[in-house]
Amino acid sequence: MLAALGRNQPELPADWVAGVTSEGLERMAAEGAPGDLQRHFVEWIAAQCLCRLLGLPFEDREWLAERADKDLTMATYSDAELAANWEEIRAHMAAFMAARTPGRPRGLADRLADLNDAHRGLDERQLSNIVAVLFVSGYEDFASFLGVAAFNLLQHPEAMAALRERPEETPRYVEDLLRCSVVLGNAIPRFVTRDTSLGGARVKAGHLGLLSLDAADFDPGAFADAGRFEPGRSPNPHLRFGHGRHHCPGAHLVRRQSDIAFRVLPQRFPGLRPAVPAAEVPWHPNRMAITAAAVPVTW
């Protein structure tokens, strides 16, 4: 699995990702301005990449995306509704892997199933849960970052122009977008183990603290002028993908595919700009992964 998500990502060659990105943008151009970057760029690329990575038919994307969105929605659905929704995703993955031809994998899901057949380490429910997690977390996190990053980039026309003129510098732009794009709609719960002071406040053992990794990436002690988007920032020790044993295995996928996508975007639409003021861009409420409902653009 780590090889599939690593630096090379054999399932997702760069020319294929660039072609998919261009296809989505051409669809937007065909519909005319204003266009929706969320639909034709963000969700299109994330779904294409995750379906191809896992070997899933792209025709399943809307069915899967709807349920992935529901799984990461807070405060709206009951526990029973969320459990039923997850079971639909899991059963879909189980049926997909059951229909495979052993030894002829369509993608990562089949390779995991073939490997499990050889070792019998997991039962069917465990394996299909893992594949469901791979899709839901991969699609939602990638789409969330790509959307928030695109929104942020559109607020900096000078950055869009620089990317168009110097595409080889795109990785530096992506890196600071990873730092300054707030994408986590929830927080990490931790319990205080002993009485102490935290940020000038007294906390006692047993208290619950909610930690924001996004806030850590704006720490003025780690980043000079932390509130400013700065593509040349170096070093840039952000925590977008966690750290150490908790480092996200999808980090290379997000970096690499975002690099390609943000190279293609300004070349296809040199005059791309927001179609509405930033405050009027709609966002989905109560999402664990912050997601725009639409990113209206014109060109």
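The largest cavity has a volume of about 30 Å³, and the structure holds one cavity of 30 Å³ or more; here a cavity is a set of points on a 1 Å grid over the protein atoms alone where a 1.4 Å probe fits but cannot get out, whereas a pocket is an open set with protein on both sides within 12 Å along at least five of seven lines, and lining residues have an atom within 4 Å of a point. Grid points are joined across faces, edges and corners, and a volume is the space filled by probe spheres set on the points. The lining of the largest cavity consists of F151, L154, Q155, P274, A275, V276, V281, V295 and P296.

This is a predicted model, in which local features need pLDDT of at least 70 and side-chain atom pairs count only at pLDDT 80 or more, while totals for chains, interfaces and linings use all residues. Residues are numbered from 1 along each chain as its sequence is written, and side-chain values use heavy atoms, with hydrogens and water left out.

The largest pocket has a volume of about 1200 Å³; it is lined by 37 residues, of which D141, L184, R240, H246 and C248 are the closest to its centre. At least two lining residues each come from α3 (37-54), α7 (124-154), β2 (188-191) and α11 (251-268), with α7 giving the largest share, nine residues. These elements are DSSP runs numbered from the N terminus, helices being H or I of at least four residues and strands E of at least two.

Salt bridges, defined by a side-chain nitrogen of Lys or Arg within 4 Å of a carboxyl oxygen of Asp or Glu, number 24 in this model.

| Pair | Distance |
|---|---|
| R100 and D114 | 2.8 Å |
| R100 and D117 | 2.3 Å |
| R228 and E230 | 2.5 Å |

With a relative accessible area of 14%, R100 is buried, whereas D117 is partly exposed at 33%; buried means under 20% relative accessible area, exposed over 50%, and partly exposed in between, with a 1.4 Å probe and protein chains only. R228 and E230 are also partly exposed, R228 at 39% relative accessible area and E230 at 24%. Elsewhere, a network of salt bridges links E87, R90, E124 and R125.
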